[in-house]
Amino acid sequence: MPTPRIAIIGAGPGGLTCARILQQHGITAAVYDLDASRTVRNQGGTLDMHPDSGQHALREAGLWDAFLLQARPEGQQMRLVSRDGRILLDAIPPEADTTEGNPEIDRGQLRDLLLDSLTPDTVRWGHKLTHAEALGNGTHRLHFTDGTTTDADLVIGADGAWSKIRRLVSDAAPLYTGVTFVETGFNNADTRHPRLAELTGNGTMMALDDNLGFVAQRNSGGHIRVYVGMRTDEDWYEHADVALADTAAVRDTLLKKFTGWGPDLLDFITHTDTGYTNRPLFALPVPHAWAHTPGVTLLGDAAHLMSPFSGMGANLAMLDGADLAHALINSPTVDDAIHAYEALLQPRSVAAAGGAAEGINSAFAPDSATQVLAHMTQHH
Ligand SMILES: Cc1cc2nc3c(=O)[nH]c(=O)nc-3n(C[C@H](O)[C@H](O)[C@H](O)COP(=O)(O)OP(=O)(O)OC[C@H]3O[C@@H](n4cnc5c(N)ncnc54)[C@H](O)[C@@H]3O)c2cc1C
């Protein structure tokens with residue numbers, strides 16, 4: 001087909017995977033991201049890469065060996081702890097000492113891996129898209145906050161949860177799941193917070209009960225990231241008359257909510273090195289489908305934002321990116337490629353998003369301690 005002008009909005013794992021595989025096949029795509037540079041924002045926690053999705057995409061992108069250099073197979077350990085701090089279940093998969101299974105990598109390391117694989121200037125930093133205007137025949141004019149515009153024959157919405165490109169194909173908007181994570185963290189945990197490091201283990205530790213919970217995860221460099229979770233109103237802090245910037249007030253409010261939980265778990269709240277970041281969890285309605293629209297498609301969270309309880313968000317974003325790139329490489333026209341890609345995308349994202357909705361509802365339920373123990377006993 002004649003060389004189409006391809007614009008990918010969003011330099012997350014999905015958009016970058018797509019750009020990388022296209023480039024390997026001689027197809028140019030420009031990636032636009034609102035961040036001023038690649039280092040401007042901390043990229044967040046750890047991700048486990050699944051064989052059929054994230055790992056498959058890394059192989060397709062020619063980045064498998066580079067991934068293995070940074071992957072943490074031991075991070076697959078999964079531990080369930082009671083609300084009084086006893087270890088109920090400790091699943092150390094046999095793969096934990098090999099590169100099999102679902103090895104972990106920091107989100108920032110994964111993004112760097114993908115960015116370093118692209119030719120310089122592929123990503124246009126500091127380009128925040130405001131809206132896209134249909135010009136007819138599948139062409140769109142992209143408008144950025146600095147007043148610049150560019151025209152594209154294919155615009156790929158890889159712009160995450162609050163996608164602006166999604167509006168071109170669908171009226172759907174993310175809805176609050178009813179669960180908020182308050183994120184906190186611990187640096188050099190093994191030396192500075194040995195009890196918390198021991199309780200966390202080498203991977204993920206969860207303590208979930210009565211609509212509340214802790215999820216602690218090892219990251220690289222001795223860092224432990226903890227999500228203090230609660231089923232609550234989105235504006236819980238306003239009800240508690242607390243300003244989110246007031247670290248002491250947030251701490252006291254959280255401690256009150258977790259009254260009666262074991263002292264070691266409460267130390268995840270009190271001993272914080274990083275303060276607290278409020279992260280209400282949103283998801284798109286399931287199913288999120290849209291009618292075929294010439295010249296535009298979505299991937300990753302823009303297409304199927306789901307709660308982290310699927311463990312699939314980044315994995316699917318990368319698989320989407322890889323599948324879309326291959327559809328473009330193998331199809332006679334952009335329109336054929338969009339059709340082929342969306343036929344793959346829709347069924348698998350509905351299945352994963354349905355699972356994520358069930359997952360968050362059983363993790364934050366009155367009887368979540370029983371539900372999660374039963375689930376993990378069956379699966380580990
Ligand atoms: C607490 C938590 C834990 C998680 N754990 C896991 C896990 O263990 N495993 C897993 O697979 N997934 C996990 N996820 C999900 C995962 O992080 C996302 O699904 C994944 O990052 C989606 O990738 P993406 O490329 O679609 O979008 P994103 O990573 O969101 O990237 C979107 C990009 O678009 C840019 N952008 C946004 N708007 C604009 C605009 N208007 N103009 C220009 N650029 C724009 C952003 O700057 C960003 O770089 C977790 C999520 C959360 C919240």
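Of the 32 residues around the ligand, the nearest are Asp-33, Arg-107, Leu-129, Asp-301 and Ala-314; a residue counts as near if one of its heavy atoms lies within 4 Å. The model is predicted, with local features needing pLDDT of at least 70 and side-chain atom pairs pLDDT 80 or more, while totals for chains, interfaces and linings use all residues. Residues are numbered from 1 along each chain as its sequence is written, and side-chain values use heavy atoms, without hydrogens and water.

By class, the shell holds 13 nonpolar, ten polar and nine charged residues. Asp, Glu, Lys and Arg count as charged, and Gly is among the polar ones. Helix α1 (13–24), strand β3 (46–48), helix α4 (107–116) and helix α11 (313–330) each supply at least two shell residues. Helices are DSSP runs (H or I) of at least four residues, and strands (E) of at least two. The largest share, four residues, comes from α11.

A backbone N or O atom of Leu-129 lies 2.9 Å from a ligand nitrogen. In the side chain of Arg-41, an N or O atom is 3.3 Å from a ligand oxygen. For Gly-311, a backbone N or O atom is 3.4 Å from a ligand oxygen. Taken alone, the ligand exposes 1,000 Å², and the protein buries 85% of that. Areas come from the Shrake-Rupley method with a 1.4 Å probe.

Helix α11 also meets helix α2 (residues 51–60): their axes come within 7 Å and cross at roughly 45°. The axes are lines fitted to C-alpha atoms over the stretch in contact, with angles from 0 to 180 degrees between N-to-C directions.

How values were computed. A polar contact is a pair of N or O atoms within 3.5 Å; within protein, one must be able to donate a hydrogen and the other to accept it, and residues adjacent in sequence count only if both atoms are side-chain atoms.
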